Amino acid sequence: GSYPVKLYVRNTYGCSDTVYKYVKVHDNPNAGFIYSQECNPRTVVNFTDTSQQSRDQSSIKSYLWSFYNGDVSDSVNPSYNFPGYGQCYPVTLMVTDTNGCSNRDTLDVCLLPPPPVDFTMSQDTICLGEKISFSGQASNIASWHWNFGNSDTSNYQNLTYQYKAAGTFTVTLSVTDLKGF
């Protein structure tokens, strides 16, 4: 808002004068952001600005992102590649509006490791026509994806499978956890 400032002066002879001026005080914008971690590579993080204009609706004119090691970006919604997952890194966003007012927000960006996953199989050598059982071992999993090394797949956690041809096959299990990783 605008505020009046009054200066009243009186000298030693009793003469006085008064001057009025107004000071306009602008609100600061409200800095804020969210982030999402990529699955591959797990060290890439996408940032989304959620800053809000000040109450006087002054547009935000500049963004300055500061990352844990001194790297900076002036993009509105940058991506950044951190050195590793399994730890937290401080990130600060400073926004400045058209009045020159600024505000900052700092978050610890914590990068999650991949979900631990393993599987067991009932045996590692079978004869053609025999069945083999697979069991996925992980917790908080939203989806399972088995590849049996021969273009056959399955989306069950535990299953029994029968190969239709002899050979050596590499079985893989991929999972997506409840957080989307």
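What percentage of the 181 residues in the chain is buried? Buried residues, those under 20% relative accessible area with a 1.4 Å probe and only protein chains considered, make up 28% of the chain.

This is a predicted model, in which local features need pLDDT of at least 70 and side-chain atom pairs count only at pLDDT 80 or more, while totals for chains, interfaces and linings use all residues. Residues are numbered from 1 along each chain as its sequence is written, and side-chain values use heavy atoms, with hydrogens and water left out.

**The whole chain**

Begin by displaying the entire chain as a cartoon. The chain has 0 helices and 15 strands; helices (H or I, at least four residues) and strands (E, at least two) are DSSP runs, numbered from the N terminus. The radius of gyration is 31 Å, well over the 16 Å that the globule rule gives for 181 residues, so the chain is more spread out than a compact globule. That radius is taken over C-alpha atoms, and the rule is 2.2 Å times the number of residues to the power 0.38. Along the principal axes, the C-alpha atoms fill a box of roughly 115 × 30 × 25 Å.

The 4 strands form an open sheet in the order β6-β5-β8-β9, with antiparallel pairing. β6 (72-73) and β9 (102-110) stand at the edges, each with a single partner strand, so one side of each is left without a neighbour in the sheet. Two strands pair if DSSP finds at least two bridges between them. Within the sheet, β5 (residues 60-66) and β8 (residues 88-97) are joined by 6 bridges. Select W65 to find one of these places: its bridge partner in β8 is L93.

Move on to β11, residues 131-137. In a regular strand the side chains alternate between the two faces of the sheet. Here the covered face holds I132, F134 and G136, whereas K131, S133, S135 and Q137 lie on the uncovered one.

D118 stands opposite Q137 in β11.

Conventions
Buried < 20%, exposed > 50% of the residue type's maximum accessible area, 1.4 Å probe, protein only.
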